[in-house]
Amino acid sequence: QVQLVESGGGLVQAGGSLRLSCAASGSIFSINAMAWYRQAPGKQRELVARISSGARTNYADSVKGRFTISRDNAKNTVYLQMNSLKPEDTAVYYCNADLVRVGVIGLHDYWGQGTQVTVSS
């Protein structure tokens, strides 16, 4: 079994900052890319930021320059530092990981349960 557990969401005023964390645990052999997605009410889930196993990153245009994704491979953890938050950043944020499980062939996609981020104006 593999679990992704997010933390760090909450309520913040516009212009503020939050740091999300996502720790992967269980029968993990290796983790390839890790990413953060978000879904606002009535909208589709969208990619926010992604980081490869080699620490290559890419971001949605809407968060470039404000959000930073990073990872700690020793802890199987990915982070999302969110600065200069705007009301339109309000959403449920989901962690995603492409990983290889112990004893299982191939890459598999796993999701966290989501953490709410609310930015008030």
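Over the face of which residue does R45 lie? In this predicted model, in which local features need pLDDT of at least 70, side-chain atom pairs count only at pLDDT 80 or more, and totals for chains, interfaces and linings use all residues, R45 lies over the face of Y94, at 3.7 Å from the ring centre. Residues are numbered from 1 along each chain as its sequence is written, and side-chain values use heavy atoms, with hydrogens and water left out. The charged end of R45 also sits over the ring of W111, 4.7 Å from its centre, where a charge sits over a ring if NZ of Lys or CZ of Arg is within 6 Å of the ring centre and within 35 degrees of the ring normal.

Strand 7 pairs with strand 8 (residues 77-82) in the antiparallel sense over six bridges, and D72 stands opposite T77 in strand 8.

Within strand 3 (residues 18-26) is found S21, which counts as buried at 18% relative accessibility (buried means under 20% relative accessible area, with a 1.4 Å probe and protein chains only). Leaving aside neighbours within four places in sequence, S21 is in contact (heavy atoms within 4.5 Å) with V5, E6, S7, W36, V78 and Y79.

Methods
Helix = DSSP H or I, 4+ residues; strand = E, 2+ residues; numbered from the N terminus. Buried < 20%, exposed > 50% of the residue type's maximum accessible area, 1.4 Å probe, protein only. Pairing = 2+ DSSP bridges.
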